[in-house]
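Hello,

Here is the structure I said I would pass on. Please open it first, then read my notes below.

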Amino acid sequence: IRYSNDSGATYPAGKIINASCPAGSSPYTLWTIPNDICSTLKMNITDTGNGDVYDESNNTFAIKGSMELLSPLGGENWTVNTKHDITWKTHGTYSENIVVQLSTDNGGNWTNISSETPAADNVSKTYNWTIPDNITDKAKIRVVTNETDDTINANASSPSFYLIGNITITSPAENDTWYYNASQNITWNSKGTFPVNIWYSV
């Protein structure tokens, strides 16, 4: 039992699944799928005693990897203009860049925010992201492989999390005294674009 990753043009020795097993042992369930990501695979089963007795799968099949998103995990509050790590792991070896995407409408639409070289199989990769001024409670991150052959592409996305602003009051300051019926400036610094309510407490 052996396989080819070039549509059956060759069946090299390194792709032998089992060098000898009984012809009646179908189904064969002991094959651990290898890290050979492509969609041009074929299977060949040959009589070990007579090479003229064989069959090859009629059509090609694919081995596909997967993506695992490690951060964000959903529910986080990430503030505009701060930095946070987007971390993922690729299971299987891909050759093209990994595209990092943002949705602000719970996955309805996606915008590319980075294109990163792929890591090796089962190795974590991180993109340090500066949070944009896109205030939302429906943010999602997705990481997507970008192979020419879409058959083998994989992706993973996060549950929703929050992109939030930030407010720091600068006036009144500690120990200020403001007098009745006078005019005073209430001032603050903010990160992000959003409407505010101004309240006071006694």
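Strand β2, residues 38–47, gives the most to the lining of the largest pocket: four residues. Bear in mind that this is a predicted model. The space in the largest pocket comes to about 410 Å³. Its lining is made up of 18 residues. Nearest the centre of the largest pocket lie Ile1, Cys21, Ile45, Thr46 and Asp47. Sorted by class, that lining has nine nonpolar, seven polar and two charged residues.

Now the second largest pocket. Its volume is about 340 Å³. The residues that line the second largest pocket number 13. Closest to its centre are Ile169, Ile186, Ile198, Trp199 and Tyr200. Here strand β14, residues 166–171, gives the most to the lining, with three residues. The classes in the lining of the second largest pocket are 10 nonpolar, three polar and no charged residues.

Next, the cysteines. How many disulfides are there? The count is zero, with a disulfide taken as two cysteine sulfur atoms within 2.5 Å.

The cut-off for buried is under 20%. Cys38 has 14% relative accessibility and therefore counts as buried. Cys21 is also one of the residues nearest the centre of the largest pocket.

Send me your questions once you have had a look.

Best wishes

Note on methods:
Residues are numbered from 1 along each chain as its sequence is written. This is a predicted model: local features need pLDDT of at least 70, side-chain atom pairs count only at pLDDT 80 or more; totals for chains, interfaces and linings use all residues. Side-chain values use heavy atoms; hydrogens and water are left out. On a 1 Å grid over the protein atoms alone, a cavity is a set of points where a 1.4 Å probe fits but cannot get out, and a pocket is an open set with protein on both sides within 12 Å along at least five of seven lines; lining residues have an atom within 4 Å of a point. Grid points are joined across faces, edges and corners, and a volume is the space filled by probe spheres set on the points. Helices (H or I, at least four residues) and strands (E, at least two) are DSSP runs, numbered from the N terminus. Ala, Val, Leu, Ile, Met, Phe, Trp, Tyr, Cys and Pro count as nonpolar, Asp, Glu, Lys and Arg as charged, and the others, Gly among them, as polar. Buried means under 20% relative accessible area, exposed over 50%, partly exposed in between (1.4 Å probe, protein chains only).
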